[in-house]
Amino acid sequence: MRETAYAKINLALHVRRRRADGYHELETLFAFVDAGDELVARTADRDSLAVTGEFAPALGDPFGNIAAKALAVLPRSEGLALALEKNLPVAAGLGGGSADAGAVFRIVRERYGLPDDWEQRAARLGADVPACVDSAACIGRGTGTELEPVENDLAGTPVLLLNPRVPVPTGPVFAAWDGVDPGPLSGRTAREIAESNGNDLERIVFERLCVEEALFAWNALADSGGFLTRMSGSGATSFALYDTAGARDEAAARIAAAHPGWWQMKGALR
């Protein structure tokens with residue numbers, strides 16, 4: 001059984017308020033790229049997880065990995081041995097761990113079915129996990145777990161992801177939020193929402209936390225010929241959307257030549 005853990009990006013993200021439990025109410029437009037980590041699952045006597053790939057060393061203890069935790073919360077009649085190829089950078093705003101968990105949910109759903117309360121089980125693993133299960137464009141509210149569909153007129157759009165290999169943990173970014181509520185997301189379709197709203201966390205990462213490398217990457221994409229540039233989630237990954245795959249590939253080649261050490265991924269929106 002094979003699944004791609006599709007990279008998650010936030011086409012727009014508004015932070016609305018800080019909750020009493022320490023989390024934040026937000027509104028976001030989730031979208032997913034047709035590339036990411038890769039998972040292979042085989043039936044086994046007991047559950048296990050083996051991690052390979054460029055970013056495997058960043059995960060540390062595999063038993064603390066969210067993919068392993070996803071296996072643990074999903075009842076089955078037999079074990080699964082998971083092999084995870086970690087292609088997405090960690091602490092990068094791409095929901096990499098959540099995407100891995102979402103892929104595990106899809107594997108289990110296809111072979112065994114999911115329990116009726118699977119959405120609650122997914123939400124307990126992480127705020128992005130419910131959206132990552134279907135990995136389809138949608139609006140997330142609350143902490144990101146309250147999902148509603150959106151007209152996806154950006155499906156198939158070429159996208160380039162760029163990360164300067166600087167991890168940005170989510171906690172300090174939200175802790176530095178200035179309390180300014182920009183109001184609800186405006187727009188009806190995915191493109192309207194993406195073009196009419198920004199990511200509130202950009203100014204925190206770029207200005208308040210002064211993550212200069214993230215700003216440099218954002219600027220490189222903004223000058224690359226796309227029609228939309230955003231930072232995803234809490235960074236440091238940014239992305240640009242393009243009218244054609246050719247324009248995306250030309251931008252990727254120029255940026256790679258100028259910044260050969262930066263991580264990048266080409267794809268299209270699902």
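Which helices and strands each supply at least two residues of the lining of the largest pocket? I looked this up in a predicted model, where local features need pLDDT of at least 70, side-chain atom pairs count only at pLDDT 80 or more, and totals for chains, interfaces and linings use all residues. Residues are numbered from 1 along each chain as its sequence is written, and side-chain values use heavy atoms, with hydrogens and water left out.

**Pocket.** I found strand S1 (2–18), strand S2 (24–44), helix H1 (66–72), helix H2 (96–111) and helix H5 (170–175). Helices (H or I, at least four residues) and strands (E, at least two) are DSSP runs, numbered from the N terminus. A pocket is an open set of points on a 1 Å grid over the protein atoms alone, where a 1.4 Å probe fits, with protein on both sides within 12 Å along at least five of seven lines; lining residues have an atom within 4 Å of a point. I noted a volume of about 980 Å³ for the largest pocket, counted as the space filled by probe spheres set on the points. Of its 39 lining residues, Gly95, Ser98, Ala127, Asp128 and Thr170 are the closest to the centre.

**Helix H9.** I then turned to H9, residues 245–258. Arg248, Ala251, Ala252 and Ile255 are buried there (under 20% relative accessible area, 1.4 Å probe, protein chains only).

**Record.** UniProt, in an unreviewed entry, places "domain: GHMP kinase N-terminal" at residues 68–133. I see 52% helix and 11% strand over residues 68–133.

Conventions: Expected span 1.5 Å × (residues − 1). Buried < 20%, exposed > 50% of the residue type's maximum accessible area, 1.4 Å probe, protein only. UniProt positions renumbered as here; feature names shortened; annotations may be inferred.
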